[in-house]
Each structure stands twice: as C-alpha cells, then as structure tokens.
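Here is a friendly note to read alongside the structure. Please keep the viewer open as you go through the points.

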Amino acid sequence: MHILPLSVKCTLFVNLAAAESCGQDRAVCMPWPCSRIGHADGSGDDILIPDPGYANYFGQAQMAQVNVVPVPLYEKHGFRMRAADVEAAITPRTRALLLNSPSNPTGAIIDPVELAAIADVARRHDLWVISDEVYRAFVYDDNTRCLSIASMPGMKERTIVIDSFSKTFAMTGWRSAARSGRNRSSTG
C-alpha cells in the first residue's frame, strides 16, 4: 500500500476546500489554524474581524500585535458579513480581512452575490483576506452554496484559506489544519 506524503494530502484537502487548484508549494499543514492571523504587515496594522465571531480571533490578533477592527454582523441581515459593513470599517492602516463562512458562532453563510461584493472591496482596498473555512463541510442544505472567496476573480492571489482536519474528520483534540496561500513563505 502506498501512503501519500502529508504535503500531498494537504494539497488535495485544500484544493477541495477552496475549490481551487494549488500546488504543494502553496498548501501547508500546521497546528492550530488561528495562529495564522498575523499576516498583516506588522505591528500597528489593522485587521477586520467579524463581530460576533470566534473569540480566539481577537486574542490571536493581539498576540500578533495587530489591531482588531470589528465588522458588525447584524441580526437583521442574518449575522452575515456585508460588503458595505466591511468598507465602513476600513481604516488607513487596514491590511487584512478575516472572513468566516460558515460563521462560528452564528452558522451564517455569506451568499455568492455578497461574497463577490466583499471580494470587490478587498481588491479595491488591496486587502489580504484570511478565509476561515473550517465549517464548510457542515453545510447540509443542498440549496445553499458555500463558496470560498479564493474562487472569486482576482482573489486567489490575496487569500489565505484556513481549513481544519480537526473539525472535518472529527479529530478535535489533534488541532491540525491546512492552509493555502501565495506560497510557503507566507506562513508567517
């Protein structure tokens, strides 16, 4: 029996997760996916984070010395991130947007039209997008499309997709994950 190297398995997993084709030079296996938040350019930069959102995002940003700028998610919009709210939260120091769809803790999924609008905002403002897609395997409605922002035109180059073996394969104690990005040097 032939066992594929872990880097090949990560590449296959990330390709499925992000609906993109990336080579082994862009897929990385790592512990604890939240440790990748520090992808803004450095101390004092801002990152946009959904609020409400996964509580560890805020602590990870602080550890990376990145300022958190909350993007409010409103009940009247189903707690889905909206392009207008992202754009309103951008500061002169904003370097990155953390996107989480399906959302933890709300479960909200950004629809394809709104996701395209968010991608447009990211391109216009030259933002990196860290797309936490850990819960993408848990969409059980055949009529709901959960797309990766990396699949949008012009976004593959500026998106770091985070996914997790731990959730998808019920290995929560393992804290293992995969991410794809520009290349291995973007692992921070």
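**Notes on the chain**

1. Let me start with burial. Of the 188 residues in the chain, 46% are buried. Please keep in mind that this is a predicted model. The chain exposes about 9,200 Å², and carbon and sulfur atoms account for 54% of that area.

2. Next, the secondary structure. The chain has five helices and seven strands. Their order along the sequence is α-β-β-α-β-α-β-α-β-β-α-β. How much of the contact set joins residues at least 24 apart? Taking contacts between residues at least 6 apart in sequence, the share is 64%.

3. Is Ile-49 buried or exposed? Its relative accessible area is 0%, so Ile-49 is buried, the cut-off being under 20%. Setting aside neighbours within four places in sequence, Ile-49 is in contact with Tyr-57, Phe-58, Ala-61, Val-68, Val-69, Pro-70, Val-71 and Leu-98. Asn-67 is 18 residues from Ile-49 along the chain, and the C-alpha atoms of the two are separated by 9.9 Å.

4. Strand 5 spans residues 128–132 and contains Ser-131. With a relative accessible area of 4%, Ser-131 falls under the 20% limit and is therefore buried. Which residue does the side chain of Ser-131 meet in a polar contact? The partner is the side chain of Glu-133, at 2.7 Å. Beyond four places in sequence, Ser-131 also touches Leu-99, Ile-149, Thr-159, Ile-160, Val-161 and Ile-162.

5. The loop between strand 4 (94–100) and helix 4 deserves a careful look, and Pro-102 lies there. The peptide bond joining Ser-101 and Pro-102 is cis, with omega about 0°. Pro-105 is also placed in the loop between strand 4 and helix 4. Here the bond from Asn-104 to Pro-105 is cis, and omega is near 25°. I would be glad if you looked at both bonds in the viewer.

6. Phe-79 is not a glycine, yet its phi is positive, at about 60°. Phe-79 sits in the loop between strand 3 (67–72) and helix 3 (83–89). At 28% relative accessibility, Phe-79 counts as partly exposed, because that value lies between the 20% and 50% limits.

7. The other residue is Asp-126, again not a glycine, with a positive phi of about 55°. Asp-126 is located in the loop between helix 4 and strand 5. Is Asp-126 buried or exposed? Its relative accessibility is 55%, which is over 50%, so Asp-126 counts as exposed.

8. Helix 4 takes in residues 112–124, Ala-117 being one of them. Ala-117 has a relative accessible area of 28%, so this residue is partly exposed, between the 20% and 50% limits. Ala-84 is 33 residues away from Ala-117 along the chain, and their C-alpha atoms are separated by 8.6 Å.

9. The largest cavity has a volume of about 70 Å³. Its lining is made of Pro-50, Leu-73, Phe-79, Arg-80, Met-81, Leu-99, Asn-100, Ser-103, Ala-108, Ile-109 and Ile-110. By class, the lining residues are eight nonpolar, two polar and one charged.

10. Phe-79, with its positive phi, is among the residues that line the largest cavity. Leu-99 also belongs to that lining, and Leu-99 is one of the residues touched by Ser-131.

Notes: Residues are numbered from 1 along each chain as its sequence is written. This is a predicted model: local features need pLDDT of at least 70, side-chain atom pairs count only at pLDDT 80 or more; totals for chains, interfaces and linings use all residues. Side-chain values use heavy atoms; hydrogens and water are left out. Helices (H or I, at least four residues) and strands (E, at least two) are DSSP runs, numbered from the N terminus. Buried means under 20% relative accessible area, exposed over 50%, partly exposed in between (1.4 Å probe, protein chains only). Contact means heavy atoms within 4.5 Å. Accessible areas come from the Shrake-Rupley method with a 1.4 Å probe; for residues, only the protein chains shown count as cover. On a 1 Å grid over the protein atoms alone, a cavity is a set of points where a 1.4 Å probe fits but cannot get out, and a pocket is an open set with protein on both sides within 12 Å along at least five of seven lines; lining residues have an atom within 4 Å of a point. Grid points are joined across faces, edges and corners, and a volume is the space filled by probe spheres set on the points. Ala, Val, Leu, Ile, Met, Phe, Trp, Tyr, Cys and Pro count as nonpolar, Asp, Glu, Lys and Arg as charged, and the others, Gly among them, as polar. A polar contact is a pair of N or O atoms within 3.5 Å; within protein, one must be able to donate a hydrogen and the other to accept it, and residues adjacent in sequence count only if both atoms are side-chain atoms.
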